[in-house]
Amino acid sequence: MTDEVCRRWRDLLGASLLDRLSPEERIGLEAHLDGCAECRAELAELRPVASALAAADPAHLGTPPSPPAELADRVFAHVRTVRRLERRRRWTLRAGAGIAAAVIAISVAFVVRPAPNPEREDFPFTTLPAGVVAKATLYRRTPGVEVWLQVQGLAPGATYAVWVERSNGERVRCGTFNAVAGNAHVVLPSTVRRPDTIAVGVSDSHGHVVMRAPVAPPKPPSRRHSIRAPASPDARPAMDLRYSDHEEAFRTEARDWLRANVPAERLPVADTREGFEAHRAWERTLHAAGYAGMHWPEAYGGKGASVVQQAIFVEEYLLAGGPERINTLGLNLMGPTLMVYGTEEQKHRWLPRILSADDVWSQGFSEPDAGSDLAGLKTRAVRDGEAFVVNGQKIWTSYGAFTDWIFAVVRTDPEALRHAGITFLAIDMRSEGVEARPIVQLDGHAGFAEVFFTDVRVPADQVIGEVNDGWSVAMTTLGFERDAPAASPARYLRAVNDLIGAARARGMDGDPVVRDRIAELYAGAQAYRAHALRTLTRLSRGERLGAEASMTKLLWSELEQRTYEFGRDVLGPYAEVLSPESPMRDARLWNAYYWFARAATIYAGTSEIQRNIISERVLGLPKG
Ligand SMILES: Cc1cc2nc3c(=O)[nH]c(=O)nc-3n(C[C@H](O)[C@H](O)[C@H](O)COP(=O)(O)OP(=O)(O)OC[C@H]3O[C@@H](n4cnc5c(N)ncnc54)[C@H](O)[C@@H]3O)c2cc1C
């Protein structure tokens, strides 16, 4: 990353640890951290300071003075002013830390009674060497607890191992630390879940236990699950299996509308010009009825619908057999990205046209030598007056032969590090020099295109975000792609029902192997449904999933392949021949789903890449 780009984001690190960022700042910072190891390291360095603040014991601080009510806002307004002034000065690596320290120092005088945090619990050590002062804090994380230790008085330089003890007595090692002369702050992840944790401890290099803190069983939930109006943050459950009356009413309304409006005849396939335009007309019908981008904020033409309502609509849409959606890249990726990074002018220019499907968008990320390794992209853009001149090639561009616009990442500074020097551009597909060459698939249709750019002039006001900060913008876009529960569980539950019907029709429903496979797929679909509800609960609280979204992608894409593969076993010869006697309700569609399922573990990040992300960023395993 360039110093300039990092400087801007590092200014926000302190405020992020104190949870004082605006949603836009938070999303942008997370995206930047995804691609910048140095800033992640800086954040990790600052974290113990924030934790020390959170751990400050009010009992030892005497009676704190009462701050005036508006003080916090004034302090943060001042910090923002300082931040602006700081930007004009020469930046040093420590600027972010300095500001964070200032914020923390100011805060410590007054913010000494942190709000109860349901995820966090403190435990004293009952086994402790003489002269050592220590405290253990556990945070509930996925998949296991995170251990925070503060320890003073151990022999400086000596190495110690930290472990979590399971209820069966097994000690699971989290990692090691070297004792220091002063107060050591240690943060280590573990895979042991909170209910299974009975102690945390520290052993010396000979394996002798030097410190142990027993961990009490977690408190049982005291009230019925409900996320709609939690009485206190402590009462928040992981998921809510009920819909409110309002949501049920919305479901009925959506179902009725879909029943009356979903075309009785299948539209021509969207991978042809005729079919694409028929689908565009359908998008316009959805928009006129208020169902396009209903989850967008009202300020941008949406309905401000909750993520739960959006999920209900998708579920009903699938059950009603609604046509394929052709502008999901505009509605779910480009629109939300513009809301975060676009100027007011850009928002007014493109957002309404995305909703009305006047502009249908493609995604121009992948290149012949840059797929999983997106930062290897080579498409160049060179500034020439008020425009950028673009040369290069994109590939696997969905609907690329028919779309109106493409959002693309291009290299604007070839001298910079790989993740830096990239810019995010909106390019009109009708510009001179853009050539979309259809890639014809086995089914004879052109679902993809290769898009070639030859001296394409792109006005500079079509840069989204800042020049050379396109990696942050692109990571935000991918974050939207991963956060959304892209595949509705309704689809898999419906597929299992179809399988049961087909197995019965073919007289296979008594076969124990078939029954076993169907039961496994049904359990998988229900497990995914539970996971999706948990995800929705978190999204409806305004949380972002970050790296955990990779688990969702892995779950649905692999379930999809198992489901449609088994369908071929059940269908036997009918899997190959479209016959009116087929035991499957919609054999043509089932066949298409089977083939498309092959791609599910590739697009939006391959399964291998998802596993890399989960192992490194969720489980904290070392890079392989
Ligand atoms: C249906 C479909 C629609 C698509 N639509 C679009 C689109 O609209 N716009 C767009 O820009 N792109 C699109 N893509 C492209 C997609 O993003 C890429 O195919 C994907 O990112 C993988 O890149 P690749 O094909 O170059 O494979 P590669 O990155 O070359 O990967 C090849 C194999 O190596 C493995 N691999 C690579 N790196 C690692 C690693 N570090 N560790 C372990 N294994 C690794 C991969 O998992 C894979 O198995 C689409 C793809 C599909 C299938």
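## A buried strand and a ligand shell

Strand β12 is covered on both faces: W405, F407, V409 and R411 are buried on one side, and I406, A408 and V410 are buried on the other. Buried means under 20% relative accessible area (1.4 Å probe, protein chains only). In a regular strand the side chains alternate between the two faces of the sheet. β12 spans residues 405-411, and seven of the seven are buried, so the strand is largely enclosed by the rest of the structure. Strands here are DSSP runs of E with at least two residues, and helices are runs of H or I with at least four, numbered from the N terminus.

This is a predicted model: local features need pLDDT of at least 70, side-chain atom pairs count only at pLDDT 80 or more, and totals for chains, interfaces and linings use all residues. Residues are numbered from 1 along each chain as its sequence is written, and side-chain values use heavy atoms, without hydrogens and water.

Now the ligand. 17 residues surround it, and the closest are S366, S372, W396, T606 and E608. A residue is near if one of its heavy atoms lies within 4 Å. A ligand oxygen lies 2.6 Å from a side-chain N or O atom of S372.

Technical notes:
A polar contact is a pair of N or O atoms within 3.5 Å; within protein, one must be able to donate a hydrogen and the other to accept it, and residues adjacent in sequence count only if both atoms are side-chain atoms. Buried means under 20% relative accessible area, exposed over 50%, partly exposed in between (1.4 Å probe, protein chains only).
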